[in-house]
Amino acid sequence: MSDLQYIKVQWDEELATVVIDRPDKLNALNSEVVQELGHVFRELHDDDAVRGVLVTGGGDKAFVAGADIGELAKMSPIAGVRVSREGQRIFDEIERFPKPVLAVVGGYALGGGCELALACHLRVASDNARFGLPEVGLGIIPGYGGTLRLSRLIGLGRAVELTLTGAMIDADKAERIGLVSAVYPRAELLDRAKEFMRGITKNGPLALQMALESIYLAQDSASASVLAYESTLFGLLASTDDMREGMTAFLEKRRADFKGK
Ligand code: COA
């Protein structure tokens with residue numbers, strides 16, 4: 001795999017594990033991480049030895065704690081649309097990947113990190129994992145497909161609740177509401193995730209590919225326009241005082257004081 005700053009890829013027989021490795025910032029997705037992720041998936045796409053991909057976070061605290069707030073805090077509305085479209089494009093490539101992709105969540109999966117897990121075909125978590133879409137607390141909305149994919153997975157009512165409260169839920173609740181398929185002790189997470197994946201990759205690779213293609217085709221009809229609209233609204237919010245306040249407050253480690261302007 002070519003030189004990458006934030007992503008490592010580990011091979012174990014037919015499985016590739018993509019590790020987002022920026023633990024000092026809880027693996028937050030800056031623009032380089034997003035680009036590297038796209039690059040890695042394009043290379044794995046063409047590697048016939050790979051039958052399944054696991055995506056996980058480096059360090060022991062987080063899967064991914066969201067898009068990089070330091071970067072987002074400076075964006076103009078046009079940059080906001082661009083950032084959102086680019087993230088959506090790469091997450092879409094993951095969703096359309098022709099081999100099964102499993103998110104292995106060992107800690108925080110927040111904002112863009114939760115959206116990344118949603119773009120994977122399947123999710124498993126450690127018992128200390130936390131999921132949430134805290135964007136509204138920063139004066140923005142999910143911009144990497146979360147407004148579409150969360151309700152598709154867990155239903156409208158729960159998705160609206162999670163999005164509007166911005167609250168975190170624990171792994172047990174995530175399993176109860178269908179956000180993850182299984183919960184494992186933290187120390188066993190990666191091994192158990194591989195075992196879970198091998199229950200899938202033992203099946204016919206072409207059958208898996210066609211099953212994914214057919215399942216996701218049925219989801220596609222409204223996706224493009226919903227995603228385009230999500231990006232437009234994400235960009236629009238970058239013109240507000242509320243977004244500046246929300247993100248500045250996070251970076252200054254204080255509570256935000258929103259004015260609705
Ligand atoms: N973007 C940029 N930096 C982030 C980040 C993000 N989304 N999430 C965490 N970090 C950074 C912190 O700023 C901190 O950096 P510092 O050591 O240079 O100050 C470092 O990662 C560790 O995070 P910290 O907040 O000190 O850890 P914690 O254990 O106290 O709290 C969280 C963990 C996940 C609750 C908290 O980091 C958080 O709320 N992160 C933002 C989540 C979010 O809103 N995501 C959506 C973004 S759109």
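A residue is near a molecule if one of its heavy atoms lies within 4 Å of it. In this predicted model, 18 residues surround the ligand. The ligand sits in the largest pocket. A search of the whole structure finds zero disulfides.

**The ligand and its surroundings**

- Among the 18 residues around the ligand, the closest are K25, K61, A65, A67 and I69.
- By class, eleven residues of this shell are nonpolar, six are charged and one is polar.

**Polar atoms at the ligand**

- The side chain of K25 has an N or O atom 2.6 Å from an oxygen atom of the ligand.
- A65 places a backbone N or O atom 3.0 Å from a nitrogen atom of the ligand.
- In D24, a backbone N or O atom is 3.5 Å from an oxygen atom of the ligand.
- The ligand taken alone exposes 860 Å², and the protein buries 71% of that.

**The cysteines C114 and C120**

- With zero disulfides found in the whole structure, C114 is in no disulfide.
- For C114, the nearest cysteine sulfur belongs to C120, 11 Å away.
- A disulfide needs two cysteine sulfur atoms within 2.5 Å.
- The sulfur of C120 has its closest cysteine sulfur in C114, and the 11 Å between them is too far for a bond.
- Is C114 buried or exposed? C114 counts as buried because its relative accessibility is 3%.
- C120 is also buried, with a relative accessible area of 1%.
- The cut-off for buried is under 20% relative accessible area.

How values were computed
Residues are numbered from 1 along each chain as its sequence is written. This is a predicted model: local features need pLDDT of at least 70, side-chain atom pairs count only at pLDDT 80 or more; totals for chains, interfaces and linings use all residues. Side-chain values use heavy atoms; hydrogens and water are left out. Buried means under 20% relative accessible area, exposed over 50%, partly exposed in between (1.4 Å probe, protein chains only). A polar contact is a pair of N or O atoms within 3.5 Å; within protein, one must be able to donate a hydrogen and the other to accept it, and residues adjacent in sequence count only if both atoms are side-chain atoms. Accessible areas come from the Shrake-Rupley method with a 1.4 Å probe; for residues, only the protein chains shown count as cover. On a 1 Å grid over the protein atoms alone, a cavity is a set of points where a 1.4 Å probe fits but cannot get out, and a pocket is an open set with protein on both sides within 12 Å along at least five of seven lines; lining residues have an atom within 4 Å of a point. A molecule sits in a cavity or pocket if more than half of its atoms lie within 2 Å of its grid points. Ala, Val, Leu, Ile, Met, Phe, Trp, Tyr, Cys and Pro count as nonpolar, Asp, Glu, Lys and Arg as charged, and the others, Gly among them, as polar.
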